[in-house]
Amino acid sequence: MATSNDITMGQGDLPETSQESEPFTVEENIHQLNAIDKSIAQLMSQTATALNALTTPASSASPSNGDNSVIDATAQKEAFKSATDSFLTTLHSIDVRMKRQIMALEEAGIVNLSNTPRQGPNGATKASLQPNGVGTVGNLDVGWLNSRSTRVERDMEAELWQEAKEFLQKEEKGTHS
C-alpha cells in the first residue's frame, strides 16, 4: 500500500548509465524523517483501529434494543484484517525509509556501522574513535561505563532528599501558623 510520501519509480525513471544517484540534501533528509514521524503516528492509529475491531461494544443500550447489540463477527474480522494489513504495510515502509536514513548517516560519515576492523601499521586491530551506532566508541562500551558509576544516582538521591526536607519544613511552618 503506497502512501503519498512514497517515491515510486517506473521503468522510465531508471538511470540509463551505471552512475550513482545524487545523495539527498539535508533538507530532503529532514523531510523524509518528518514523513517517517507521521507514519509512526499512523501506526498508532492503525493499532487502535485493530484493537477496536476486536473489542465488543459496551452494552449501554436498553434491553429492548437487544438486537442492535448483536456483534457482527464477519465485519469485525474484516475490520481487524484491514487494519492489520495497513499496519504491516506502514511498518514495512517505515523500516525501509529508516534504513535509507541510516545509510545516509553512514555516507555522511556521522556513524560507521561497518564490521571491518581497522588495521594499525603493525597489523594489529586499531580501535576506532568513531561511534558505531550501538553505544560503543573504540573498545569502550559507553553503557557498561555508565552502569559502573553511581555518582548520578547519588546526586539525584541527594536532590530528592533536599526537596523532601524543604517540603516538610514548609508544611511544618504552615501547621504552626
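Residues are classed by relative accessible area as buried (under 20%), exposed (over 50%) or partly exposed in between, computed with a 1.4 Å probe on protein chains only. The model is predicted, so that local features need pLDDT of at least 70 and side-chain atom pairs count only at pLDDT 80 or more, whereas totals for chains, interfaces and linings use all residues. Residues are numbered from 1 along each chain as its sequence is written, and side-chain values use heavy atoms, with hydrogens and water left out.

Helix α2, comprising residues 73-107, reaches 51 Å from its first C-alpha to its last, close to the 51 Å expected at 1.5 Å a residue, helices being DSSP runs of H or I with at least four residues, numbered from the N terminus, and the expected span being 1.5 Å times one less than the number of residues. Among the buried residues of α2 are Ala 83, Ser 86, Thr 90 and Arg 97, and their cover includes α1 (26-54). Within α1, Gln 46 is buried at 14% relative accessibility and touches Ala 83, Ser 86, Phe 87 and Thr 90, residues up to four places away in sequence not being counted (contact: heavy atoms within 4.5 Å).

Salt bridges, defined by a side-chain nitrogen of Lys or Arg within 4 Å of a carboxyl oxygen of Asp or Glu, number 3. Asp 95 pairs in this way with Lys 99, the closest N and O atoms being 3.4 Å apart; both lie in α2, 4 residues apart, and Asp 95 is partly exposed at 36%, as Lys 99 is at 48%. Lys 81 is likewise bridged to Asp 85, at 3.1 Å between the closest N and O atoms.

Terms used: Helix = DSSP H or I, 4+ residues; strand = E, 2+ residues; numbered from the N terminus.
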